[in-house]
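Subject: Structure handover

Hello,

Here is the structure I said I would pass on. My notes on it follow below.

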Amino acid sequence: MTLRFLACLIGIGVAAGFAQDREFKPDREIVFKHFEKDPLELNVFLPEGWKAGDKRPAIVFFFGGGWVGGTPSQFFPHSRYLASRGMVAVSAQYRTRGSHGTSPFECVADAKSAVRWMRQHAADLGIDPDRIAAGGGSAGGHVAATTGVIAGLDEAGEDQSIGSKPNALVLYNPATDVASIQRWGDRAVEGSPLHHVDKGDPPTIVFHGKADTTVPYETAEAFCKAMTEAGNRCELVGFDGRPHGFFNYGRSRVAYANTVWHMDRFLASLGYLEGEPTVGRPGDPTW
């Protein structure tokens, strides 16, 4: 079961990025973490009229791929949309087993580094350090959730006085319970967001297909239940008959538009966006 789970995550994450590589281009590519092999970059999408010193809301996305592979271009469409709405949007690289031979814990450390780097360089990025959201899909949804609900697991040597916890979470079919996934080994619970939910965690929206057999819908229900019982805001938007990865731009433009509409409304409720969405709402929220 574990091999099938990982194969599904990897395949969907990689396939989702191919079309976006050609169709969307970031405005800037900034190295935020240096390694001898393949330094890690932030792919930055800037809104019209942006300038350094602005205090715009921001979001950083993390791609899916089973902690083994994937590409930041998976979230280029989401980033370009949010930039068109006035946010600074980022799609980040992080180490995977395929790119750097690392474990899932390095994925988490890199995600935390990305949030911390953005907060540290808020003036240069033209963002508000207190309005940084983190998002992602599948394994990327996991690492985004981890930045929000699990203390520690940061990269050694970083300035811990600068927080790596985002102010909001936008999660697409996230793997929030990894306690039984073999790849996480004996430390699985340590990296499992469901097992670390506590009062004061960021407001969260979760999109999940009810026919998802890779990351079951029930895990999203359990995560949101734990969040709300702890006194946190957690909205779960379920989609009847939809499988894993249904939200990707290259897979279904209608499903993509529907989830983006809800993402827009969630961020607007936090004061990150103003006005009405510029993507249409295609039908019922549970489509």
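I will start with helix H6. The buried residues of H6 are covered by elements that include E3, H4, E5, E6 and helix H7 (217-229). The residues in question are Ala139, Gly140, Gly141, His142, Val143, Ala144, Ala145, Thr146, Thr147, Gly148 and Val149. That is eleven of the eleven residues of H6, so the helix is largely enclosed by the rest of the structure.

Please keep in mind that this is a predicted model. The average pLDDT of the chain is 92, and 90% of the residues score at least 70. Two stretches need care. Over residues 1-5 the pLDDT stays under 50, and the model gives them seven contacts beyond four places in sequence. Residues 12-19 also have a pLDDT below 50, with 15 contacts in the model beyond near neighbours in sequence. Where pLDDT is low, the predicted coordinates should not be read in detail.

Next, the sheet. Eight strands make up an open sheet with mixed pairing, and their order is E1-E2-E4-E3-E5-E6-E7-E8. At the edges are E1 and strand E8 (234-239), each of which pairs on one side only. From one strand to the next, the twist averages 20°. Strand E7 (residues 204-209) runs parallel to E8 and is joined to it by six bridges. Within this pairing, the residue opposite Glu235 of E8 is Ile205.

Helices also lie against the sheet. Helix H2 (residues 76-84) packs on it and touches E2, strand E3 (56-62), strand E4 (88-92) and E6. The direction of H2 makes about 165° with that of E4. Helix H4 (residues 104-120) lies across E1, E2, E3, E4 and strand E5 (127-137). With E1, H4 makes an angle of about 115°.

Two residues stand out for their backbone. Most residues other than glycine have a negative phi. Asp38 is not a glycine, yet its phi is positive, at about 50°. Asp38 sits in the loop between strand E1 (28-33) and strand E2 (40-45). Its relative accessible area is 42%, so Asp38 counts as partly exposed. Leu153, also not a glycine, has a positive phi of about 65°. This residue belongs to the loop between helix H6 (139-149) and strand E6 (168-172). Is Leu153 buried or exposed? Leu153 is buried, because its relative accessibility of 16% falls under the 20% cut-off.

The last item is a pair of threonines. Thr219 is in helix H7, and Thr176 is in the loop between E6 and E7. Which residues does Thr219 contact, leaving aside its neighbours within four places in sequence? They are Thr176 and His208. As for distance along the chain, Thr176 and His121 are 55 residues apart, and their C-alpha atoms are separated by 29 Å.

Regards

Definitions and conventions
Residues are numbered from 1 along each chain as its sequence is written. This is a predicted model: local features need pLDDT of at least 70, side-chain atom pairs count only at pLDDT 80 or more; totals for chains, interfaces and linings use all residues. Side-chain values use heavy atoms; hydrogens and water are left out. Helices (H or I, at least four residues) and strands (E, at least two) are DSSP runs, numbered from the N terminus. Buried means under 20% relative accessible area, exposed over 50%, partly exposed in between (1.4 Å probe, protein chains only). Two strands pair if DSSP finds at least two bridges between them. Axes are lines fitted to C-alpha atoms, for helices over the stretch in contact, and angles run from 0 to 180 degrees between N-to-C directions. Contact means heavy atoms within 4.5 Å. pLDDT is the predictor's confidence in each residue, from 0 to 100.
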